[in-house]
Amino acid sequence: MNDVIHLLPDHVANQIAAGEVVQRPASVIKELLENSIDAGGQNIKVLVKEAGKTLIQVTDDGKGMSLTDARMCFERHATSKINTAEDLFSLKTKGFRGEALASIAAIAHVEMKTRPGDEELGTCIKIEGSEVVSQEPCVTPEGTTICVKNLFYNIPARRNFLKSDTVELRHIIDEFQRVALAHPGIQFSLFHNGSELFQLPESNLRQRIVNIFGGKTNEKLVPVTEETDIIGINGFVGKPEFAKKSRGEQFFFVNDRFIKSPYLNHAVTAAFEGLLKDKAYPSYFLYLQVDPKSIDINIHPTKTQIKFDDEHALYTILRSSIKHSLGQFNVAPVLDFDR
Ligand code: ADP
Ligand code: MG
């Protein structure tokens, strides 16, 4: 019998991997924002056109890339963030798979300008469908700008699958807000078709929440803090009377990464027991710090799910600390703008 197995060419493998990492324009925004944060960016600007279908551009003032790295970063499994599998258990960065840029470059027209602080000239590189089209030295500010045009241009089925601009923009705003809430100390802006949607200055957490969700939010926030051997909790829950009819303002961050957890959500809801009207959802912005060794973030390509070692203990601590905060609040309102 003839041999029939062969290795897939890189551009095909990249395109397949892209299917997992990049579902829609918002996924690109998330990956690029996370890279900018990992690069130490303090001022990060996002520009999109037609809900990201034609243009997504992210500019940061982070550490930039050398000439060789500017080419390498588009290779599959190319990362500066981990070396060994053990490193996965002490992650300090958002990225680690080295898949995002390779995936994005396989399914869009990508242009990147980047310059490290210690170089006079930067690198400008263009890639289409995993192929480098050009690479040359250029004058560019310190940091990195990545421009992603015509997403899914070579996968018509995916492109047709995209929803209306309104829906896709909603996804973009959701991702942008999650990242911005996770990093109140970083300045972010978002522009769509030339208009400014968000301009978020460097601030503390309360101020960041207010800047995103509006001035009225301030009066409804009840601070939550807890420090135990296995978890640190910090953040706010909304007062019960401000609970919403939808789940819009519910955010968990674990080690500064937005995650979804129906289980922990249940713990919060349990803490509000007896305080909420039917079909009302409390707002929450909760930041959990845990030992990276006690979680596994590598269970889903979008990294929005986490496996905790001791989920049950976290549940109990979370519920009781929120209950305590709500109780305290009823006795003596706390409205401290400096937290
Ligand atoms: P990962 O983030 O998992 O390492 P990516 O494909 O997202 O994988 O990025 C590959 C590499 O490119 C990163 O490890 C990093 O070294 C470099 N990189 C990507 N974006 C930036 C950026 N905005 N500034 C500096 N370096 C970057
Ligand atoms: Mg990345």
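1. Strand β5 lies largely in the open, because zero of its eight residues are buried. Buried here takes 20 or more other C-beta atoms within 10 Å of a residue's own, exposed takes 12 or fewer, and partly exposed is in between, with C-beta atoms placed from the backbone. Strands (E, at least two residues) and helices (H or I, at least four) are DSSP runs, numbered from the N terminus.

2. A word on what we're looking at. This is a predicted model, where local features need pLDDT of at least 70 and side-chain atom pairs count only at pLDDT 80 or more, while totals for chains, interfaces and linings use all residues. Residues are numbered from 1 along each chain as its sequence is written, with chains lettered from A and ligands numbered from 1 in the order in which they are written.

3. Now the sheet that β5 belongs to. It is open and has eight strands, in the order β5-β4-β3-β6-β2-β1-β7-β8, with mixed pairing; two strands pair if DSSP finds at least two bridges between them. β5 (131–138) and β8 (195–200) are the edge strands, each pairing on one side only. From one strand to the next, the twist averages 10°.

4. Strand β4 (residues 122–128) runs antiparallel to β5, and seven bridges join the two. Thr123 stands opposite Pro137 in β5, and Lys126 has Ser134 as its bridge partner there. The β4–β5 hairpin has two residues between the strands, and Gly129 takes a positive phi near 50° in it.

5. Helix α2 (residues 25–38) lies across β1 (43–49), β2 (55–60) and β6 (143–149), and runs at about 10° to β2. Such angles run from 0 to 180 degrees between N-to-C directions, the axes being lines fitted to C-alpha atoms, for helices over the stretch in contact.

6. On to the domains: the protein is divided into domain 1 (10–200) and domain 2 (216–330), with bounds from an automatic or database domain assignment. Their C-alpha centres lie 29 Å apart. Eleven residues from domain 1 and eleven residues from domain 2 make the contact, which is counted when C-beta atoms, placed from the backbone, lie within 7 Å.

7. On the side of domain 1 that touches domain 2, α1 (10–21) and α6 (165–182) each supply at least two residues. The largest share of that side, three residues, comes from α6.

8. Last, Ala270, which lies in helix α8 (residues 262–271). Ala270 is partly exposed, because 15 other C-beta atoms lie within 10 Å.

Note on methods: Contact = placed C-beta atoms within 7 Å.
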